[in-house]
Each structure stands twice: as C-alpha cells, then as structure tokens.
Amino acid sequence: MDWEQSGSGYSLDHGQSKPELMKCPRCVQRIHRMARQCPHCGFAIGDVDQVFGGEDVRLGTLTDAAGVLRKSERVSVRRMLRRFQSRFPQLFFAIYFGTFKELPSLRQFGFWLLNRGAFDDVDVSRPNEGGILLCVDAGGKSAGITFGYGLHPFLDEESTFRALSAAHPYLLQGQWAKASEVVVRKISKTLIRQSRRAHRHPEDFESIDREVEGTSEILGRLRANHRSSQKKTQI
C-alpha cells in the first residue's frame, strides 16, 4: 500500500494489498482483520453489539449528541471535516460528542461506531476502513481515536496519542471545537508526513505482517456504502 499526492490532495495507491492486521479494541493486541474473535482475549464484535446494539447506525460525520457545540462551532467543524475529505480523497474524519454515564471503554465504543456507522455525508467511494473517528466523552472530558484498518500502515498509537495530548488542555476547558481542530490538524500532518515517506520508501509499507491466521468472518464489518435496504437506526 502506498500514498501518492494527487493535485492538492493525497490519495491511496490501491496497487498494494490491504493490511491484514488490526488491533483488538479490548487488549490492543494485533489480530487478523478476518478473525472471528481476538485469540488473545476472546473479544468479538458481538460483545459490543450487546452493549450498544447490533444494527447499523445512521449519522453524520459530526454528531453532537451531548449538545456542547454552539451553532457557529458546528458550522466551523463541519467545514473543517469537508476540507479534510478534500485533502484526502479516499478518507474521512468523523467526530462524535456524547455523555456516557456507564461506558465499558471509549475505545470499544469507537470501534463499534466505526463498524456500525453509516455516515450520510460520506461518499460511497470512501469506505469505513479509511475512516478516522474522534469520540469525545463531554461529561468525563476524555477522548479516543479509532481508525479503520486501511490506515494501520500510516497511523499508530503514538501518533494518535500525540494528537489527543495536544488537544487535552482544550478538552479540560470545555473548548470542544478547538480540541477537535487540534486533533484533525495533528492527524493530517501525520498522514501527509507518512504519505511522503511512503512515496520515497514504498518498501517500508509493502511488508504486511500475516502471522495471525484469519477465520471465515470479518471481526468488524467496515461498511463501504450505505445500503438503503438495510435497517438503520438514528443516533
């Protein structure tokens, strides 16, 4: 898999095979993306379906379920997310603000939402495997980043931690729009840096670890489109 600059944006080169590994949202160990469940801790998509629901969820790339953004801030954040899509034609960035009273793990919620989410304002040419999701618990003033397995060669725990750390002061102050802006900017810089590195050294991105054997079902059904025939629920 490689990145190449195209016009004013950066796009994925589909000439390489997709990465076979992802990280378990419970134990964070590397597992095959086709695995029925995590061989390390036994986690499966059904575990979070029992908590959050097993049906597809229809939502936008900006969902303010907590009601923490002013109208002008919502307009500004949506504009920023559209700019991200213009810059990275095969990716999308989504942000979810919620207030969670009893949440087993923000990481697991993000994994579930990126699996079950059908994003109305994302073109069908951008599959969820190329999605980045920022989940913010407005009540706990905490946040987490989940990204599709198509981005695993380009993003990692360290890069997402740096982005969240830079936004942490704004989260503590309740400056939600500013925190979102910082995260998107940091992640964008990482993707651009990695795309240039991949262009110069494609061999570094072609070696995909295949140590973990897969089974017959995908652990996370990352949607590539919004099928109108499927039943969806509204957040």
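Predicted model: local features only at pLDDT ≥ 70, side-chain atom pairs only at ≥ 80, totals over all residues.
Let me begin with aspartate 137, which sits in strand β9, the stretch covering residues 131–137. This aspartate is buried and yet has no salt bridge, since the nearest side chain of opposite charge, that of lysine 141, is 11 Å away. If we set aside neighbours within four places in sequence, the residues in contact with aspartate 137 are Gly98, Thr99, Phe100 and Ser142.

Strand β9 also brings us to the helix, because β9 is among the elements that cover the buried residues of α4, together with β10 (142–147) and α5 (176–200). Those buried residues are Ser159, Thr160, Ala163, Leu164, Ala167 and Leu171. As a reminder, an α-helix has 3.6 residues a turn, so residues three or four places apart point the same way.

Helix α4 itself runs over residues 157–172, and its 16 residues reach 21 Å from first C-alpha to last, close to the 22 Å expected at 1.5 Å a residue.

Finally, the ends. At the N-terminal end, aspartate 156 caps α4, with a side-chain oxygen lying 3.2 Å from the backbone nitrogen of glutamate 158, while beyond the helix comes glycine 174, whose phi is positive, near 75°.

Conventions
Residues numbered from 1 in each chain as written. Heavy atoms only, no water. Helix = DSSP H or I, 4+ residues; strand = E, 2+ residues; numbered from the N terminus. Buried < 20%, exposed > 50% of the residue type's maximum accessible area, 1.4 Å probe, protein only. Lys, Arg positive; Asp, Glu negative; His and termini not counted. Salt bridge = Lys/Arg side-chain N within 4 Å of Asp/Glu carboxyl O. Contact = heavy atoms within 4.5 Å. Expected span 1.5 Å × (residues − 1). Polar contact = N/O pair within 3.5 Å; in protein donor to acceptor, adjacent residues only side chain to side chain.
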